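Visitor: I have a few quick questions about this model. Can we go through them one at a time?

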Amino acid sequence: MATATASRFTFRKPSVIPGFGLTFGLTLTWLCLIVLLPLSALFLKTSELSFDRLMVIMSNARTLHALQISFGLSLAAAAINLVFGGLVVWVLVRYDFPFKRVVDAVIDIPFALPTAVAGIALTTLYAENGWIGSLLAPLGVQVSFTPLGILVALVFIGLPFVVRTVQPVLADLDAELEDAAASLGATRGQTIWRVVLPTIWPALLTGFAMAFARAVGEYGSVIFIAGNLPGVSEIAPLLIVIRLEEFRYADATAIASVMLLASFVLLFIINRLQHWAESRGGRGR
Amino acid sequence: MSIDVVNITKTYKGFTALDAVNLHIPTGELVALLGPSGSGKTTLLRIIAGLEWPDSGEVRFDGADALNRSVGERNVGFVFQHYALFRHMSVFENVAFGLRVRKGADKLPEAAIRAKVSELLALVQIDWLADRYPAQLSGGQRQRVALARALAISPRILLLDEPFGALDAKVRKELRRWLRQLHEELPVTSVLVTHDQEEALELADRVVVMGKGRIEQIGTPGEVYETPATAFVHDFIGESLSLPADVRGGRLFLGERAIALDSQGASEGPARLLARPHEVDLADPAQAPFFGKVLAVRTFGPIRRADIQIVVPSGHVVVEAAVPFGEGLEIGSQVGLVPRRYRVFGAQA
């Protein structure tokens with residue numbers, strides 16, 4: 001035990017804000033009940049499997065392909081949303097146009113729409129006889145019932161995450177920064193590349209992470225448009241449901257655990273990147 | 001480089017920010033645009049810089065039209081009120097920005113950029129901060145970085161928008177002297193926007209007093225203080241003691257009582273008599289042109305001031321007069337006021 005000197009360990013730093021004990025206790029309880037308990041049950045169930053059995057499940061070609069589809073397409077969808085979401089934010093923040101409020105509200109629809117409805121609507125549009133699908137079919141491009149269809153659905157549901165995280169940050173960006181860059185002789189392109197983008201970069205990364213996390217877990221909209229061919233257009237969440245229906249609970253939880261770990265690692269990396277970008281800029285002007 | 005502003009008008013949605021403004025700034029001068037907020041001084045500065053465009057009028061640099069050149073092509077250094085530093089760049093990179101964005105033949109080799117930035121950081125006395133980020137600097141240091149960054153493009157014109165507005169009084173005073181020195185050393189014409197008259201009077205070669213989108217007076221600091229052209233300038237610069245009066249037949253009246261003071265040729269009708277508090281003597285109420293009741297006497301350091309309530313036709317006004325030391329002034333007593341120097345302006349002036 002440490003002696004009562006200046007270096008004594010204190011769990012809580014002195015603060016004028018009261019109620020630390022109560023709120024911290026509630027926070028921990030809530031977090032345990034809502035997040036940690038279900039997750040630990042998941043890992044507990046997975047631990048019923050022997051290591052060899054786990055390896056067999058995970059090295060199964062169908063499982064590997066489903067994970068590859070889920071993570072690969074989610075990253076691709078988040079990247080697409082990063083670019084086009086960024087563009088949408090730029091237009092919404094920087095320009096005034098008629099029905100701007102309406103456009104702004106439309107962005108939120110993927111948040112609110114039941115995912116199954118979104119899936120069915122997208123499938124109908126992109127099917128070979130649908131409005132968009134019929135235009136693409138002569139070009140030899142098939143969207144519905146292919147991995148491309150999954151990508152479309154994931155882009156759809158991820159867009160608002162990028163827009164809503166970046167929008168307030170860009171709106172707060174000091175217009176004087178761009179004036180300053182222009183007065184120093186920078187072209188518009190240089191100003192955006194060297195001044196605007198680095199400033200909103202942490203927010204863009206957050207939006208990317210959220211769109212990615214949402215896409216990895218997405219189920220409802222994808223299963224309608226994907227076609228769900230094993231080894232072609234089957235996503236990992238669907239495979240989990242299939243395994244459950246086959247009463248192979250341990251298999252299902254094993255895939256879920258791997259997804260969870262992979263997501264956690266990816267999100268952690270993005271989080272560190274974002275932290276690094278933020279600390280480089282510091283706060284204040 | 002000289003600057004000419006010819007008949008510049010600028011309106012925002014019905015609000016006239018600048019109303020046919022004319023101004024000539026000779027090469028090498030340091031001019032202060034002084035006025036209350038909303039007087040159009042910042043708009044004028046931004047138009048000179050090329051960050052805004054006037055509705056009509058001309059801006060000329062050394063006689064050549066500047067309006068057809070963009071802000072980047074005008075080669076003016078602009079220092080913003082809130083510094084506008086790039087917070088994701090170190091101090092060094094902030095200053096180097098203007099050199100790094102150059103293209104083609106103007107592009108400098110890395111070694112030349114390093115040398116130039118080091119020289120500028122030494123000039124603004126913060127070479128030891130080169131690797132810090134703006135968030136790690138004090139307000140005064142950030143302003144020095146902003147100035148070094150503006151100077152990096154070797155501007156012939158330096159524009160400063162309330163450069164010391166966000167700093168505390170002591171740093172402000174120090175930076176003010178230093179800026180004046182810097183202006184002497186560099187071959188620039190400087191225009192400074194401020195609402196702080198002390199700053200303008202101390203720093204500038206000439207002061208341009210602005211009010212409501214118009215130039216009220218252009219003159220040396222001495223001229224605008226000693227001989228204000230309009231009542232607005234008299235009120236705005238320095239302390240003023242203001243009394244309502246009437247001019248009738250070339251004579252000055254307070255209500256029905258004629259006052260033994262010169263009307264200074266002010267137009268017939270209602271007028272205002274303005275004087276500096278320290279140029280008003282206290283006297284016997286029976287013989288003074290003005291008299292009133294002493295409401296309060298205050299002392300701050302070497303200065304003593306009295307609030308004196310004077311009865312005028314429209315009720316009464318309270319003026320502040322300087323009280324010499326040794327003069328006992330009893331609260332509630334009557335006292336007379338004799339302005340030694342004063343100005344009379346018609347109500348329209």
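Visitor: How do strands β16 and β17 of chain B pair, and over how many bridges?

Guide: Strand β16 (residues 290–300) and strand β17 (residues 303–312) of chain B pair in the antiparallel sense, over eight bridges. Two strands pair if DSSP finds at least two bridges between them. Strands are DSSP runs of E with at least two residues, helices are runs of H or I with at least four, and both are numbered from the N terminus.

Visitor: Before we go on, what should I know about the model and the numbering?

Guide: This is a predicted model: local features need pLDDT of at least 70, side-chain atom pairs count only at pLDDT 80 or more, and totals for chains, interfaces and linings use all residues. Residues are numbered from 1 along each chain as its sequence is written, chains are lettered from A and ligands numbered from 1 in the order in which they are written, and side-chain values use heavy atoms, with hydrogens and water left out.

Visitor: Back to the strands. What stands opposite Val294(B) in β17(B)?

Guide: Ile308(B) does.

Visitor: And what is the strand order in that open sheet of chain B?

Guide: The order is β15-β19-β16-β17-β18, five strands with antiparallel pairing. β15 (280–283) and β18 (315–322) of chain B are the edge strands, and each pairs on one side only.

Visitor: Switching to chain A. How many helices and strands?

Guide: Chain A has 13 helices and zero strands. Its C-alpha trace spans about 65 × 60 × 30 Å along the principal axes.

Visitor: How much of chain A is buried?

Guide: Buried residues make up 38% of its 285 residues. Buried means under 20% relative accessible area, exposed over 50%, and partly exposed in between, with a 1.4 Å probe and protein chains only.

Visitor: Where is Ser183(A), and why does it count as buried?

Guide: Ser183(A) is found in helix α9 (residues 175–183) of chain A. It counts as buried because its relative accessibility is 3%.

Visitor: Which residues does Ser183(A) contact?

Guide: Leaving aside neighbours within four places in sequence, Ser183(A) is in contact with Val71(B), Val76(B), Phe78(B) and Ile153(B). Contact means heavy atoms within 4.5 Å.

Visitor: Now Ala118(A). Which helix, and what does it touch?

Guide: Ala118(A) is in helix α6 (residues 115–126) of chain A. Not counting residues up to four places away in sequence, Ala118(A) touches Leu113(A), Phe156(A) and Ser221(A). Ala118(A) is buried, at 4% relative accessibility.

Visitor: How far apart are Ala118(A) and Phe156(A)?

Guide: They are 38 residues apart in sequence and 8.5 Å apart in space, C-alpha to C-alpha.
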